[in-house]
Amino acid sequence: MKSNIKKNYVLGRVDKIDLPDLELFDLDAKIDTGAYSSSIHCHNIEIEKVNGKEILKCNLLDPKHPVYNEKVFRFDDFTRTRVKSSNGQVQKRFLIRTDILLFGNRFSTDFTLNDRQEMKYPILLGRKLLRQGFVVDVKQFNRSFRRKSKLEADNK
């Protein structure tokens with residue numbers, strides 16, 4: 001589901017995002033205009049066969065993350081793709097599609113599943129999402145999250 005926003009929203013270099021369909025909220029994300037696709041930290045990836053259909057089973061985030069609860073995620077709608085990593089190597093990754101909530105709008109986007117344990121941020125947002133109506137100002141941060149926090153405070 002694509003948002004029908006009419007203007008560009010300004011994101012900073014990092015923000016806190018929501019993935020409402022996965023019931024994950026206030027996740028730290030790095031905005032990366034050098035990356036084509038978005039990525040989310042994932043581990044314990046397995047493919048199961050259920051009634052002859054492949055199901056992707058995994059854990060998102062990791063035990064050190066504040067919202068990690070050892071919940072197993074299952075996706076029956078996924079693909080495999082090749083991604084050129086920041087060091088130039090091509091990797092095979094699983095890809096899922098889900099909605100992301102920014103500035104009060106839902107955007108449907110793809111996320112590759114990748115071990116980002118060594119990275120500072122569990123989520124990376126790339127150009128494929130950003131071209132849906134965002135510009136990036138690297139001097140700023142948490143613009144969407146601050147707007148969400150202000151709206152929540154105003155509604156109390």
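**Exercises: salt bridges in a predicted model**

Arginine 80 is exposed, at 51% relative accessible area (buried is under 20%, exposed over 50%, partly exposed in between; 1.4 Å probe, protein chains only). This is a predicted model, in which local features need pLDDT of at least 70, side-chain atom pairs count only at pLDDT 80 or more, and totals for chains, interfaces and linings use all residues. Residues are numbered from 1 along each chain as its sequence is written, and side-chain values use heavy atoms, with hydrogens and water left out.

**Exercise 1.** Find which residue forms a salt bridge with arginine 80, and state what the pair ties together.

*Solution.* 
- Step 1. Apply the cut-off: a side-chain nitrogen of Lys or Arg within 4 Å of a carboxyl oxygen of Asp or Glu.
- Step 2. The partner is glutamate 54, with the closest N and O atoms 3.2 Å apart.
- Step 3. Arginine 80 sits in strand 7 and glutamate 54 in strand 5 (residues 53-60), so the pair ties together parts 26 residues apart in sequence. Strands here are DSSP runs (E, at least two residues), and helices are runs of H or I with at least four, numbered from the N terminus.
- Step 4. Glutamate 54 is partly exposed, at 29% relative accessibility.
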